[in-house]
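Student: I would like to learn how to read a protein model, one feature after another. Could we begin with the idea that the later steps will rest on?

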Amino acid sequence: MNDMRVPVLVEHAPSPSAPASPARRASPPSASGPRIAAVRCALPPHRYAQHELTGPIGDLCLSPGADRALLHRVHASAGVGTRHLALPIERYARLGDFGRSNDAWLETGLELGEEALSGALREAGLAPADVDLLVFASITGVAAPSLDARLAGRMGLRPDVKRLPLFGLGCVAGAAGLARVHDHLRGHPDDTAVLLTVELCSLTLQRGDSSRANLVAGALFGDGAAALVARGGNTDGGGSGGGSSSSSSSSTVAPEAGPRVVATRSHLYPGTERLLGWEIGAAGFRVVIDAGVPDIVRGHFGRHLRAFLAEHELTVDDIGTWICHPGGPRILSAVSETLGLSEDALDCSRRSLAAVGNMSSVSVLHILEGIRARRAPEPGTWGLLLAMGPGFCSELVLLRW
């Protein structure tokens, strides 16, 4: 899979006989649009330095006596200092089949999901019964009923809460989930919506698989969960919850609590379906990571991002805060190069990668939590939250503090 050629992307122009499509017009930013009220991450207690994992992961993936030079190079160049794992590292050799790995995903995912969701609601001054929409994303395990349905009763969400479980978006789901929350709240400005992401990437590591993609995954990915609370434009000065909530919570979220979501954009890159994702078989999720992904970023991503900003009369230079999914050092370098960013523009992403690894859809929320924990950007600052994932696709979320 890793030796495939990167597809050539062709931008299709309208035929001469077809009328030109009207230019996409951006809606003016709403002063009462959805606002991010809280973000909270939850990490498993099993924390390891990168060098502590290299040997055990080699034992899992490589045959006895195999050359470990590539393994050591990949771990040393991943940009990861520490990671949290769903289980103690010695337990992974005993997981056996996909069923046991998925059971571990469900058990640990419920614990971390509850911790993240309860923490985010507490930070926002809300109760579980205030939630009108729960969007849930994960690509590292499967369950029906989905994890969000199991959490609803466990945490006391209302029986009429709307739920939207997402699967298949991978690393882009943190940004795409926030975009779908924005879509809902624009149409339901009295509502409170929550995005919950749970990714236990370590449980997908394939035992006995010495492929470069599996070794890269074993060097980059970490585990965690995150919850983001967003509120519709009519809730800034009002009481708790949405119009249908019967919650007893009486606290409100101050207008300065977080940035507003101004606009979003999704983009699929035709012919790139096999660059990133999973091959799903008897052993579970076998990762697909093609070496050509940074080339797609350099060749096409910047043009689409600049066009999106231009619709809002903005340029790259107007963005004061960058929240970029840390897919790995090569991805971050490709984004920085294609956009002509300053050396420190993506430091928040690099710090997140170093501290917890690539946590798939959780990562952009972890970065946003870190920004909120430090001094928040000045009012009026523009931000851009962005991620890429299977499809191959990208998602952009324009923010303003």
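Tutor: Let us begin with accessibility: a residue is called buried when its relative accessible area is under 20%, exposed when that area is over 50%, and partly exposed in between. Please keep in mind that what you see here is a predicted model.

Student: How does that rule work for a charged pair, and which of the two words, buried or partly exposed, applies to Arg158 and which to Asp160?

Tutor: The side chains of Arg158 and Asp160 meet in a salt bridge, with 2.8 Å from N to O. Arg158 has a relative accessibility of 7% and therefore counts as buried, whereas Asp160, at 44%, counts as partly exposed.

Student: How many salt bridges are there by this rule?

Tutor: A salt bridge is counted when a side-chain nitrogen of Lys or Arg lies within 4 Å of a carboxyl oxygen of Asp or Glu, and by this rule the count comes to eleven. One of them joins the side chains of Glu123 and Arg40, at 3.5 Å from N to O. Because Glu123 belongs to helix 3 (residues 98–124) and Arg40 to strand 1 (residues 35–42), this pair ties together parts that are 83 residues apart in sequence. Glu123 is partly exposed, with a relative accessible area of 33%, and Arg40 is also partly exposed, at 27%.

Student: Which parts of the chain does the pair of Glu337 and Arg298 link?

Tutor: The side chains of Glu337 and Arg298 meet in a salt bridge of 2.9 Å, N to O. The pair links distant parts of the chain, since Glu337 is in helix 8 (residues 329–339) and Arg298 is in helix 7 (residues 293–310), 39 residues apart. Glu337 has a relative accessible area of 52% and is therefore exposed, while Arg298, with 36%, is partly exposed. Salt bridges that share partners also join Arg40, Glu123 and Arg372 into one network.

Student: Which residues of helix 1 are buried, and why do they lie on the same side?

Tutor: The general idea is that an α-helix has 3.6 residues a turn, so residues three or four places apart point the same way. In helix 1 the buried residues are Gln50, Leu53, Thr54, Ile57, Gly58, Leu60 and Cys61. They cover an arc of only 155° around the axis, and therefore they are on the same side of helix 1. The face turned away from that buried side carries the exposed residues His51 and Asp59. The buried residues of helix 1 pack against strand 2 (46–49), helix 2 (69–76), strand 3 (82–85) and helix 6 (212–220).

Student: Which residues are buried in helix 2?

Tutor: In helix 2 the buried residues are Leu71, Val74 and His75, and because they cover an arc of only 95° around the axis, they are on the same side of the helix. Arg73 and Ala76 are exposed on the face turned away from the buried side of helix 2, and the buried residues pack against helix 1, strand 3 and helix 6.

Student: Finally, how many cavities of 30 Å³ or more does a search of the whole structure find?

Tutor: The search finds one. The largest cavity has a volume of about 30 Å³, and its lining includes Ala137, Phe167 and Glu199.

Technical notes
Residues are numbered from 1 along each chain as its sequence is written. This is a predicted model: local features need pLDDT of at least 70, side-chain atom pairs count only at pLDDT 80 or more; totals for chains, interfaces and linings use all residues. Side-chain values use heavy atoms; hydrogens and water are left out. Buried means under 20% relative accessible area, exposed over 50%, partly exposed in between (1.4 Å probe, protein chains only). Helices (H or I, at least four residues) and strands (E, at least two) are DSSP runs, numbered from the N terminus. The arc is that of the directions from the helix axis to the C-beta atoms. Contact means heavy atoms within 4.5 Å. On a 1 Å grid over the protein atoms alone, a cavity is a set of points where a 1.4 Å probe fits but cannot get out, and a pocket is an open set with protein on both sides within 12 Å along at least five of seven lines; lining residues have an atom within 4 Å of a point. Grid points are joined across faces, edges and corners, and a volume is the space filled by probe spheres set on the points.
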